[in-house]
Amino acid sequence: MSFTRKRIELQLTQVIDNILIADGVYYLKLHKPFDFKPGQVVALSLNENDEPRLYSIASGKNEVSLNILFDVMPTGQLTPTLANLKPNDEVYISAPFGKFLCEHTPAVWIATGTGVAPFVSLIKSGTNKNITLLHGARTIDGFYFQNEFKEKLGDDYLRFCTTETGNDVIEGRLTNYLKELDNPAPELKYYLCGSSQMIIDVREILLSKGVAYDKIIAEIYF
Ligand SMILES: Cc1cc2nc3c(=O)[nH]c(=O)nc-3n(C[C@H](O)[C@H](O)[C@H](O)COP(=O)(O)OP(=O)(O)OC[C@H]3O[C@@H](n4cnc5c(N)ncnc54)[C@H](O)[C@@H]3O)c2cc1C
């Protein structure tokens with residue numbers, strides 16, 4: 001028996017800007033060839049025949065550009081080159097797809113690193129009622145888009161930093177906070193986005209505290 005992988009259709013679009021927003025982290029703005037729903041991803045590559053990588057869309061649905069937030073994997077195939085893109089360069093992207101739509105509120109959003117990207121799209125698209133965001137990062141400048149989140153979510157935006165201290169920042173991992181939490185509300189939806197280890201750990205804690213399996217929705221960046 002043989003399996004053939006369905007090829008993702010890609011189309012060319014142009015770079016508007018590629019902004020370094022933190023050490024090794026870029027906000028890439030592209031001409032938007034199609035509409036999307038916040039939480040969807042696109043496949044992206046620099047050459048038509050390369051294996052594309054997936055990226056969450058990190059712009060508001062009404063913005064003129066389609067933006068992604070990425071960090072450079074120094075030994076990675078795509079991201080070191082992606083970091084060098086300049087305005088008017090061309091990239092291949094797919095139509096948007098994915099099921100991490102985070103449509104239900106009230107909800108708790110949980111993200112580490114660039115895993116905050118779909119929540120950037122949601123907040124920039126106007127979703128901010130009955131939302132709590134738990135945001136983990138190693139350093140304070142790793143809380144990408146923290147000003148936007150603070151403005152829209154106020155005290156329901158909680159930052160957990162593992163290596164630095166600062167105003168309103170909670171020291172330590174967000175998993176420690178969740179472990180100490182008496183009762184995570186079982187009626188809420190929990191949307192998790194980031195590394196596989198974070199998602200495994202958070203899911204285990206939530207399940208152990210009585211949150212139902214189908215209330216936990218995850219997008220794993222692997
Ligand atoms: C649904 C989804 C959404 C995503 N959204 C985002 C996003 O919004 N932002 C973002 O930054 N990333 C996102 N990612 C991750 C992204 O798709 C890429 O994996 C990432 O950018 C690295 O791509 P790369 O080509 O530079 O690295 P790759 O070449 O894929 O390598 C990644 C790392 O793995 C190591 N590696 C590669 N091959 C091997 C191997 N054979 N054995 C051991 N180690 C190896 C490399 O050294 C490197 O450190 C998402 C992933 C998924 C699945």
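Two strands are taken to pair if DSSP finds at least two bridges between them. Strands (E, at least two residues) and helices (H or I, at least four) are DSSP runs, numbered from the N terminus. The model is predicted: local features need pLDDT of at least 70 and side-chain atom pairs count only at pLDDT 80 or more, whereas totals for chains, interfaces and linings use all residues. Residues are numbered from 1 along each chain as its sequence is written, and side-chain values use heavy atoms, with hydrogens and water left out.

Strand 1 and strand 2 form a hairpin with two residues between them. In the turn, Gly24 has a positive phi of about 75°. Strand 1 (residues 11-22) runs antiparallel to strand 2, and six bridges join them. Within strand 2, Tyr26 stands opposite Leu20. Strand 2 is also joined to strand 5 (residues 65-71), again antiparallel, by seven bridges. Here Val25 has Asp71 of strand 5 as its bridge partner. Five of the seven residues of strand 2 (residues 25-31) are buried, so this strand is largely enclosed by the rest of the structure. Buried means under 20% relative accessible area, exposed over 50%, and partly exposed in between (1.4 Å probe, protein chains only).

Seven aromatic pairs are found in a search of the whole structure. Rings of Phe, Tyr and Trp (its six-membered ring) pair if their centres lie within 6.5 Å; planes under 30 degrees apart count as stacked, over 60 as edge-to-face and the rest as tilted. The ring centres of Phe160 and Tyr177 are 5.0 Å apart and the planes are at 50°, so this pair is tilted. Because Phe160 lies in strand 9 (residues 157-161) and Tyr177 in helix 4, the pair ties together parts that are 17 residues apart in sequence. Phe160 is buried, at a relative accessible area of 1%, while Tyr177 is partly exposed, at 29%. Elsewhere, ring pairs link Phe100, Trp109, Phe119 and Tyr191 into a cluster.

Tyr177 is also one of the residues that line the second largest pocket, including Val108, Thr132 and Leu158. A pocket is an open set of points on a 1 Å grid over the protein atoms alone, where a 1.4 Å probe fits, with protein on both sides within 12 Å along at least five of seven lines; lining residues have an atom within 4 Å of a point. Strand 7 (107-112), strand 8 (131-137) and helix 4 (174-180) each give two or more residues to this lining.
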